[in-house]
Every structure is written in C-alpha cells, then in structure tokens.
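I opened this notebook to keep track of what I looked up in one protein model.

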Amino acid sequence: MADHLNQLTNQLCFSVYNASRLFIKFYHQALAEFELTYPQYLVLLILWQKDEQPLHEIGRQLNLASNTLTPLLKRMEHAGWIERRAAESDKRQLLVFLTEKGRQHESSILSKIQHCLSDQNIDLKFLQETHIMTQQLEQQLIEIIKK
C-alpha cells in the first residue's frame, strides 16, 4: 500500500503543480495576441483593481520579491503597459502606474480570457468550488509553514 502512495501520479502536490503549469499554458494562448505573459497579466489585474501602487505592495499581493518583480515590471514598462516612478513623498519608494495602453486594453483582455473559458465549455461551478478548496489548502499550508 505504501508503494501506491509514493507513486508520482498519486501525489497531490504533483497534481497541483501540473494544474498550475497547464493554467499558465491556457492563459498564454489567450494572452498571446497582447504579447503578455501570465505573470504580467497578474500585475495588470492588480493595477486594474487599484492603479498607482507601490512596488512592494504588488510584490506582496503576488508573493514575489522585488528582485523577481523588477525585471518583470521593466519588460512591461518597455512594452508600454505600465510606468514606474519614484513617489513624490519618498523618492526611495517606487510607484507603478497603468499607462493609457494598460487602461485601454483591460476590457479586451478580460473578454478574451472569459471567451477562452466559455469556448472550452469549462464548468464554471467546478472551477469556483476548486478555487475555494485550493484557497483552504493554501491557508492550511501557510499555517503549517509558519510553525
């Protein structure tokens, strides 16, 4: 019985890892026409919710360190999606803003993602239930790691 539990295909962590990779590929198909990566899309989601955010706040929401986030933001800035500026009140703090391009493409990007989901007949109720369960698992793992 123990051998069965040790098989790769029976590992929940491997299933979650594979699902994550497949989600990124799925989103890549939807985002390709905008020349955006999945992590860049996540940054846009954060800024569409609230524009003009400090770099450290975006990093906190994405669980990314600034040394990982900075190259990503530089590429987005170079492509015209965002702008990075020092805060007036504290020049050490870097603020991230949407550009006109970033604001203008919000509805078309979100629509494209929604169409990809509906075109594939993905059960949205199942996705919502899975999301809730994944959030619960994530919270339990955070508590375990904190100990």
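**Entry 1: the largest pocket**

I started with the helices around the largest pocket. I found that α2 (12-31), α3 (38-49), α4 (55-62) and α8 (124-146) each give at least two residues to its lining. I keep in mind that this is a predicted model.

How many residues line the largest pocket? I count 30 residues in the lining. F23, Y38, H131, T134 and E138 are the ones that lie nearest the centre of the pocket. I then sorted the lining by residue type: 22 are nonpolar, 7 are polar and 1 is charged. The space in the largest pocket comes to about 1,500 Å³.

**Entry 2: the whole protein**

Next I stepped back to the whole chain. I list 8 helices and 3 strands. Read from the N terminus, their order is α-α-α-β-α-α-β-β-α-α-α. I fitted a box along the principal axes, and the C-alpha atoms fill roughly 60 × 45 × 25 Å. The protein has 147 residues, and 25% of them count as buried.

**Entry 3: a nonpolar patch**

Which residues make the nonpolar surface patch of about 330 Å²? I noted L141, I144 and I145. Is I145 buried or exposed? Its relative accessible area is 70%, so I145 is exposed. The cut-off I used for exposed is over 50%.

**Entry 4: salt bridges**

I searched the whole structure and got 8 salt bridges. I wrote up some of them.

I took the pair E33 and K112 to begin with. Their closest N and O atoms are 3.2 Å apart. E33 sits in the loop between α2 and α3, and K112 sits in helix α7. The two are 79 residues apart, and the pair links distant parts of the chain. E33 counts as exposed because its relative accessibility is 55%. K112 counts as partly exposed, at 28%.

Then I went to D51 and R103, whose side chains meet in a salt bridge at 3.6 Å, N to O. D51 is in the loop between α3 and β1 (53-54), while R103 is in helix α6 (residues 100-104), so this pair ties together parts that are 52 residues apart in sequence. D51 is partly exposed, with a relative accessible area of 29%. R103 is also partly exposed, at 40% relative accessibility.

What else does R103 meet in a salt bridge? I found E100, at 3.3 Å from N to O. R103 and E100 are 3 residues apart in helix α6, so about one helical turn separates them. E100 is partly exposed, with a relative accessible area of 46%.

**Entry 5: one more residue in α7**

I went back to helix α7, which covers residues 106-119, and looked up Q114 there. Q114 is partly exposed, with a relative accessible area of 42%. I also took the C-alpha to C-alpha distance from Q114 to I58. They are 24 Å apart in space. In sequence, Q114 and I58 are 56 residues apart.

Note on methods:
Residues are numbered from 1 along each chain as its sequence is written. This is a predicted model: local features need pLDDT of at least 70, side-chain atom pairs count only at pLDDT 80 or more; totals for chains, interfaces and linings use all residues. Side-chain values use heavy atoms; hydrogens and water are left out. On a 1 Å grid over the protein atoms alone, a cavity is a set of points where a 1.4 Å probe fits but cannot get out, and a pocket is an open set with protein on both sides within 12 Å along at least five of seven lines; lining residues have an atom within 4 Å of a point. Grid points are joined across faces, edges and corners, and a volume is the space filled by probe spheres set on the points. Helices (H or I, at least four residues) and strands (E, at least two) are DSSP runs, numbered from the N terminus. Ala, Val, Leu, Ile, Met, Phe, Trp, Tyr, Cys and Pro count as nonpolar, Asp, Glu, Lys and Arg as charged, and the others, Gly among them, as polar. Patches are made of residues with over 30% relative accessible area and no salt bridge: like charges are joined within 9 Å, nonpolar side chains (Val, Leu, Ile, Met, Phe, Trp, Tyr) within 5 Å. Accessible areas come from the Shrake-Rupley method with a 1.4 Å probe; for residues, only the protein chains shown count as cover. A salt bridge is a side-chain nitrogen of Lys or Arg within 4 Å of a carboxyl oxygen of Asp or Glu. Buried means under 20% relative accessible area, exposed over 50%, partly exposed in between (1.4 Å probe, protein chains only).
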